[in-house]
Amino acid sequence: MEQTTMVSPAGKARFYVKILAIFSALLLLLGTLPLYTISLYNHPYYDDYGFSSAVHDVWVQTHSFQEAFSAAVTSTKDVRNNWQGTYTGTFLSNLQPGVFSENLYWVTTFFLLTAFLLCFGFFITTVSRHLLHIGKAETVILVCLSLFLMTQFLPDASEAFFWFNGGVGNTFIYSLLALSLALTIRFWHIKQNAPGLILALAALTTLLGGGSYGGGLFGLLIFVTITVVFYRKKNSHRFDFAGLTFWFLLCFLYSISAAGNTVRASMIGADVGVVKAVLQSLYYGMALLGSYTTLPVLAVGLVLSPILWKAAKQSPFSFQHPIWVLLLAAGVYCAQLTPPLYSGVFIGGGRITDTYYYSYIMLFLFAETYVLGALARRRERLSKPAPALTAAGQKGLILVSACLLAIGCIGYKPNDETLYGPMHMAGGAAALSILTGEAAQYDREMTAREALLNDATQSTVTLSPLTAVPSVFMDDLLSPDAAYDVLPVLSAYYHKDAIIVEGGETP
């Protein structure tokens, strides 16, 4: 007679977890692969030219990386005196890939998106494995679903991953912040001296101090909070970490004290007081928390709830103060809006609101974990057994979450769109643009435009507005309704006496 192999309920539950891990990884892959692919059609844009003009001249004349690097340092000093003090983004913007060849601009997405995935993936993995002690399959689920949300539903994918100047000063800075927090967790757990980690964190805080002002303030407040925890828990590295936080503060003060900040403020004409900016940041920050809480986010939160419940229940943390901790976290979140509001640019452009969304997803997962942990501890104090999710229950939860996520994707509509659908998600928009030939047409037209601009025999050139621009790329600034006049910047970058837009006025 044949023997029937029985699968235990625990075995079935584990099977569903592994299936979900595979599905999560495939979902992230399908979402990001089109972003990498469409980047091969991308070209430099606006501020890429303005920030790197001097370095481009040096490269054309010398083809020396050393000379280009030196020119980037000089340009960073000049920008500090006449525009802004964010030295990290300014220096890197001077070395945007288009400086060396417009054909290399695809490096922008490969650099920004890869750094984003690796840094945030490493941070979430570190939290999962070193703080919550979550299993490998559960960690894959947590990492992939979080990154899927952050790459597909962000406010402006074009300014995050397809514009070097905008992305490197914001998305890249937040990627470095995630990396620094991951290393901080490692630093917390190491018992012996760790000079390597200290040097790495010192380098990161140097870069973060010269990053975006919102990101710098946000990161600094996080570091101050962690320093307090280091001292409260009497961690052996508390003095070292306090020193790193102080160094972070010095770098940030050096950045905000730049003379160029005053010049820029006078040009913008902003007159927003500190108190008003702080109050506005609390108001608009809380509004963003509400607007970012969408169906896809709730679906991911639902499917992660059993994982986070089990992790919180088994963790050594007490979760004693959910209300105060969540209020503190929300306050730190809102603080990152204060610098742009104070400078008179409201909450900032797409590249800045993208960073609010990244931190929102991390805050959402932190809040969910802390609340579940507080509930678990309360049940323990009441001597109530923790509810166990059966294999059938886990299967049902996954199906419900998948349905909610699918509905959220089908019903997704950014504010400036009229139709609903997954074609507005970053990966969907990129894939659609490639399949319809829009990306290839954009590439052909931009290549033809750059050929005219690089022709040294023509001191005056006539350029045509683009007929096709992928939605994940930056808008054409030679169109009649362009927000900025890019002609002076292009003329300086390519050394033209005049650039005429077809159908426009002749200078």
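Which residue lies over the face of Y420, and at what distance from the ring centre? K413 does, at 5.6 Å from that centre. A charge counts as sitting over a ring if NZ of Lys or CZ of Arg is within 6 Å of the ring centre and within 35 degrees of the ring normal. R80 is another case: its charged end sits over the ring of Y254, 3.7 Å from the centre.

Before going on, a word on the source. This is a predicted model, where local features need pLDDT of at least 70 and side-chain atom pairs count only at pLDDT 80 or more, while totals for chains, interfaces and linings use all residues. Residues are numbered from 1 along each chain as its sequence is written, and side-chain values use heavy atoms, with hydrogens and water left out.

Now the aromatic pairs. A pair of aromatic rings is described by the distance of the centres and the angle of the planes. Rings of Phe, Tyr and Trp (its six-membered ring) pair if their centres lie within 6.5 Å; planes under 30 degrees apart count as stacked, over 60 as edge-to-face and the rest as tilted. Searching the whole structure gives 40 aromatic pairs. One of them is Y36 with F110: the centres are 5.0 Å apart and the planes are at 65 degrees, so this pair is edge-to-face. It links distant parts of the chain, since Y36 belongs to helix α1 (residues 9–38) and F110 to helix α5 (residues 107–131), 74 residues apart. Helices here are DSSP runs (H or I, at least four residues), strands likewise (E, at least two), numbered from the N terminus.

Y36 has 15% relative accessibility, so it counts as buried. F110 has 33%, so it counts as partly exposed.

Ring pairs also link F187, W188, F223, F230, F241 and F248 into a cluster.

Last, the strands. Strand β1 (residues 460–463) and β2 run parallel, joined by four bridges; two strands pair if DSSP finds at least two bridges between them. Within this pairing, V461 stands opposite I499 in β2. In a regular strand the side chains alternate between the two faces of the sheet. In β2 (residues 498–501), A498 and I500 point one way, I499 and V501 the other, and all are buried.

How values were computed. Buried < 20%, exposed > 50% of the residue type's maximum accessible area, 1.4 Å probe, protein only.
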